[in-house]
Amino acid sequence: MTINRKQPLAVIVGANITARRKKRGMNQAQFAEQLGIGPDSLSRIERGITAPRFQTLEKMALVLECSVAELFLTGDKSNLVSLVQAVHTPELVKNEIIFMAEKIIQIARSTM
């Protein structure tokens with residue numbers, strides 16, 4: 001899946017969620033039920049209209065059998081650092097995001 005990196009992050013995450021859900025053979029109603037959210041809410045998330053909360057992202061990653069970080073990656077950007085660098089934010093904020101994301105990934109890997 002190739003996504004233009006200028007798209008809003010919510011659109012990228014939504015597209016990744018949709019692709020992974022379909023790959024697992026689930027429709028929106030089935031996936032929404034497993035997450036404990038309404039199908040309308042899931043539809044808005046998948047279309048990039050709204051961004052999911054962190055708790056919802058964690059549930060999604062669990063059901064989709066992937067890491068939360070993987071939901072943020074684009075086809076042409078294979079690592080989190082590249083994705084964060086593409087966002088138009090001050091360098092200090094980018095460094096903070098990268099630091100926190102690396103810690104989250106370390107924690108996730110240690111609990112697997």
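Trainee: At the start of α2, what does a side-chain oxygen of Asn-27 reach?
Mentor: The backbone nitrogen of Ala-29. The oxygen comes to within 3.0 Å of that nitrogen. Keep in mind that this is a predicted model.

Trainee: And what follows α2 at its other end?
Mentor: Gly-36 follows α2. Its phi is positive, near 80°.

Trainee: Which residues of α2 are buried?
Mentor: Phe-31, Ala-32 and Leu-35. They sit on the same side of α2, because they cover an arc of only 100° around the axis.

Trainee: Why would residues a few places apart end up pointing the same way?
Mentor: An α-helix has 3.6 residues a turn, so residues three or four places apart point the same way.

Trainee: What do the buried residues of α2 pack against?
Mentor: Against α1, α3 and α4.

Trainee: Which exposed residues are on the face turned away from that buried side?
Mentor: Glu-33 and Gln-34.

Trainee: Let me zoom out. How many helices and strands does the protein chain have?
Mentor: Six helices and zero strands. From the N terminus on, the order is α-α-α-α-α-α.

Trainee: How much of the chain is buried?
Mentor: 33% of the 112 residues count as buried. The accessible surface comes to about 7,400 Å². Carbon and sulfur atoms hold 55% of that surface.

Trainee: What about contacts between residues at least 6 apart in sequence? What share joins residues at least 24 apart?
Mentor: 52% of them.

Trainee: On to α3. Which of its residues are buried?
Mentor: α3 spans residues 39-46, and Leu-42, Ser-43, Ile-45 and Glu-46 are buried there. These lie on the same side of α3, since their arc around the axis is only 160°.

Trainee: What covers them?
Mentor: The cover includes α1 (9-23), α2 (28-35) and α4 (54-64).

Trainee: And after α3, which glycine has a positive phi?
Mentor: Gly-48, with phi near 80°.

Trainee: Which side chain does Glu-46 meet in a salt bridge?
Mentor: That of Arg-21, at 2.7 Å, N to O. Arg-21 is in helix α1 and Glu-46 in helix α3, so the pair ties together parts 25 residues apart in sequence.

Trainee: Is Arg-21 buried or exposed?
Mentor: Buried, at 5% relative accessibility.

Trainee: What else is Glu-46 in contact with, leaving aside its neighbours within four places in sequence?
Mentor: Besides Arg-21, the list includes Gly-14, Ala-15, Ile-17 and Thr-18. Gln-28 and Phe-31 are also on it. Phe-31 is one of the buried residues of α2.

Trainee: How many salt bridges does the structure hold?
Mentor: Three. One of them joins Arg-20 and Glu-70, at 3.5 Å, N to O. That pair links distant parts of the chain, with Arg-20 in helix α1 and Glu-70 in the loop between α4 and α5, 50 residues apart.

Trainee: How exposed are Arg-20 and Glu-70?
Mentor: Both are partly exposed: Arg-20 has a relative accessible area of 27%, and Glu-70 is at 32%.

Trainee: Which side chain does Arg-24 meet in a salt bridge?
Mentor: That of Glu-65, at 3.3 Å, N to O. Arg-24 is in the loop between α1 and α2, and Glu-65 in the loop between α4 and α5, so the pair ties together parts 41 residues apart in sequence. Arg-24 is partly exposed at 40% relative accessibility, whereas Glu-65 is exposed at 62%.

Trainee: What is the phi of Glu-65?
Mentor: Near 55°, a positive value in a residue other than glycine. Most residues other than glycine have a negative phi.

Trainee: Last topic, the surface. Which residues form a nonpolar patch?
Mentor: Val-93, Ile-97, Phe-99 and Met-100. Together they have about 350 Å² of accessible area. Phe-99 lies in helix α6, residues 91-110.

Terms used:
Residues are numbered from 1 along each chain as its sequence is written. This is a predicted model: local features need pLDDT of at least 70, side-chain atom pairs count only at pLDDT 80 or more; totals for chains, interfaces and linings use all residues. Side-chain values use heavy atoms; hydrogens and water are left out. Helices (H or I, at least four residues) and strands (E, at least two) are DSSP runs, numbered from the N terminus. Buried means under 20% relative accessible area, exposed over 50%, partly exposed in between (1.4 Å probe, protein chains only). Contact means heavy atoms within 4.5 Å. Accessible areas come from the Shrake-Rupley method with a 1.4 Å probe; for residues, only the protein chains shown count as cover. Patches are made of residues with over 30% relative accessible area and no salt bridge: like charges are joined within 9 Å, nonpolar side chains (Val, Leu, Ile, Met, Phe, Trp, Tyr) within 5 Å. A salt bridge is a side-chain nitrogen of Lys or Arg within 4 Å of a carboxyl oxygen of Asp or Glu. The arc is that of the directions from the helix axis to the C-beta atoms. A polar contact is a pair of N or O atoms within 3.5 Å; within protein, one must be able to donate a hydrogen and the other to accept it, and residues adjacent in sequence count only if both atoms are side-chain atoms.
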